[in-house]
Amino acid sequence: MTADLSKAALEKGEVLVVERVGGGILELVARLPHLAATAMPGQFAQLRCGTGTTPLLRRPFSVAWTHDDTCGFVFEAVGAGTGILSELQPGDPVDSLGPLGNGFTLVEHGPAVCVSGGLGCAPFPLLINELRRRGVEDIVVLNGARTAARLYPAERFGRPAVSVVAEATDDGTRGYHGSVAALLTPALDSTPSALYACGPNPMLGAVMRTLVESGADLPQVLEASLEAPMGCGFGTCLGCALPMLDDGGGSVWKLCCTDGPVMPMRGVDWVGLSELPGADVA
Amino acid sequence: MTEPGAAGVDLGRGLILPNPVGLASGTAGYGFELAQLIELDRLGALYTKGTTAAPREGNPPPRVAETGGGMLNSIGLQNPGVDVVARDYAPRWRDWTIRVIVNIAGGSLDEYVHCARVLEDVAEIAGLELNISCPNITGGLDFGRDPVAAGQLVAAVRAVTERCIIVKLSPNVTDIAAVARAVEEAGADAVSAVNTFIGRKIHRASGRSVLPLGTGGMSGPAIQPLALAAVAAVCDAVHVPVVGVGGIVDAASAKDFLTVGARAVQVGTATFVNPETALQVLDGLGV
């Protein structure tokens with residue numbers, strides 16, 4: 001389904017704080033009343049980084065959470081754009097275009113499993129809050145990262161905190177030593193109604209592989225939030241192509257920004273996705 | 001349609017733009033997304049995504065890469081094909097007042113002619129922009145680089161359409177004025193200049209080109225002085241109206257093109273950054 005852009009709007013907001021939440025992970029909190037009032041879990045905003053012509057393009061960020069008229073965004077300062085955002089001070093202006101993209105399919109009953117890899121944590125606090133608002137309390141978070149310092153703090157996935165947050169690190173510095181996908185098997189025993197995933201492409205591929213190889217019935221809602229180098233964020237530049245399966249099992253390009261970023265995991269061309277360069281390449 | 005004698009920009013063959021500010025091909029799709037975001041009908045023209053005879057899937061990603069003051073793209077003319085545009089898209093333009101000019105592209109002369117024929121009787125279309133300058137498909141630049149081939153292409157399309165033909169020129173040539181003169185002589189009603197500049201970006205950690213095909217088309221504010229020089233040369237070379245495009249970000253940078261002789265402008269990459277840029281240009285120009 002192509003995203004509904006009718007609620008997307010340009011909005012000039014104000015930075016409340018840029019907080020370091022552990023390791024290199026930063027959280028930008030900004031007063032953006034329109035975005036806070038309209039963003040659904042899984043949707044994103046295109047934020048300008050500075051006011052000049054370099055960096056030129058906006059950067060897409062999942063709306064991590066909303067509270068009254070404020071929004072949170074989770075990121076790391078890895079490039080020119082996020083470097084500028086990392087240095088924002090309270091009171092600085094922030095220029096948002098959103099909400100954009102399709103959100104997660106929201107279930108009415110659990111259990112729900114959220115699988116996060118690294119900064120893939122970003123869409124989950126808003127999702128978990130919305131699921132709880134609908135009465136879904138049986139929520140499990142599987143949280144992985146390369147190393148302990150890059151794990152999004154468990155207590156930030158929900159307020160009040162989600163009771164079950166299982167952690168995994170590639171280097172074994174916290175939790176299970178290995179891929180977060182390895183934590184899936186026990187979570188599947190509860191026959192979840194929904195599984196939501198977000199993280200680097202190799203991790204998402206490992207999640208799908210683990211699910212298929214487990215032989216368990218796959219959750220009815222099985223969705224991943226994907227990413228791609230993005231130009232506009234609203235479907236006109238056609239830059240953010242992702243390989244998806246067509247009805248005949250062939251591969252077709254879909255747009256991350258308006259066909260996604262949330263995609264049905266059954267519909268992803270995982271082989272094609274694994275062959276793409278990493279998101280850092282552009 | 002604009003009444004005869006009303007203010008506007010006359011591009012020829014009855015195509016009168018309500019005002020000179022348009023959205024450049026490849027940056028506005030077929031208008032449906034931006035129609036949800038901005039007051040599209042205040043603008044003069046929408047130049048659609050390059051449209052080919054058959055559907056095109058486009059190039060593998062990454063398709064975009066940011067550069068200093070600009071970006072590279074290698075979309076590869078992803079489009080649904082001219083039949084879908086004529087049958088499914090055009091009816092959705094029926095109530096729009098913005099003039100929809102379909103940009104057509106192809107790898108062969110026959111492909112352009114086919115597209116023009118399919119679109120000839122579609123009432124919602126105001127004109128054709130011939131993309132003889134896409135750097136991201138095989139063959140797309142061949143017409144744009146050679147004045148003789150460009151002239152033959154325009155003459156062939158001219159023979160099958162009564163519509164206004166605007167020919168979009170490539171800046172990736174030694175003498176853009178020669179190509180402009182050739183398409184004017186072959187029957188073009190107007191020219192638009194310029195398409196993107198060929199550029200390359202290296203992923204420094206690997207030493208590989210970021211874009212899978214190596215190069216892409218560069219756009220954005222960094223190219224505005226380059227585009228301006230090309231447009232000035234074209235304006236000096238032809239008598240038909242010139243539509244200036246390349247790196248416009250505000251009214252001032254748009255006015256530069258009018259100053260060197262362009263009759264209208266197109267806003268491109270700046271729309272990605274701020275979808276309201278073209279409207280701001282229009283308001284700033286006070287036209």
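Two strands are taken to pair if DSSP finds at least two bridges between them, and strands (E, at least two residues) and helices (H or I, at least four) are DSSP runs numbered from the N terminus. In the predicted model described here, strand β10 (residues 164-169) of chain A is joined by two bridges to β11(A), and the two run parallel. T169(A) stands opposite H177(A) in β11(A). Both strands belong to an open sheet of seven strands in chain A, ordered β11-β10-β9-β8-β12-β13-β16, in which the pairing is mixed. Its edge strands, β11 (176-177) and β16 (262-264) of chain A, each pair on one side only.

Because the model is predicted, local features need pLDDT of at least 70 and side-chain atom pairs count only at pLDDT 80 or more, whereas totals for chains, interfaces and linings use all residues. Residues are numbered from 1 along each chain as its sequence is written, and chains are lettered from A and ligands numbered from 1 in the order in which they are written. The predictor gives the complex an ipTM of 0.95 and a pTM of 0.96. For chain B, the mean pLDDT (the predictor's confidence in each residue, from 0 to 100) is 94, and 95% of the residues reach 70 or more.

In chain B, β7(B) and β8(B) pair in the parallel sense over four bridges, and L130(B) of β8(B) is the bridge partner of I104(B). A residue is counted as buried if 20 or more other C-beta atoms, placed from the backbone, lie within 10 Å of its own, as exposed if 12 or fewer do, and as partly exposed in between. Five of the five residues of β8(B) are buried, so this strand is largely enclosed by the rest of the structure. G127(B), E129(B) and N131(B) point one way from the strand, and L128(B) and L130(B) the other way.

Helix α3 (residues 109-119) of chain B has Y112(B), V113(B), C115(B), A116(B) and L119(B) buried. These residues lie on the same side of α3(B), because they cover an arc of only 160° around the axis, the arc being that of the directions from the helix axis to the C-beta atoms. They pack against α2 (82-89), β7 (99-104), β8 (127-131) and α5 (147-158) of chain B.

The contact between the chains takes 27 residues from chain A and 30 residues from chain B, residues being in contact if their C-beta atoms, placed from the backbone, lie within 7 Å.

Note on methods: Contact = placed C-beta atoms within 7 Å.
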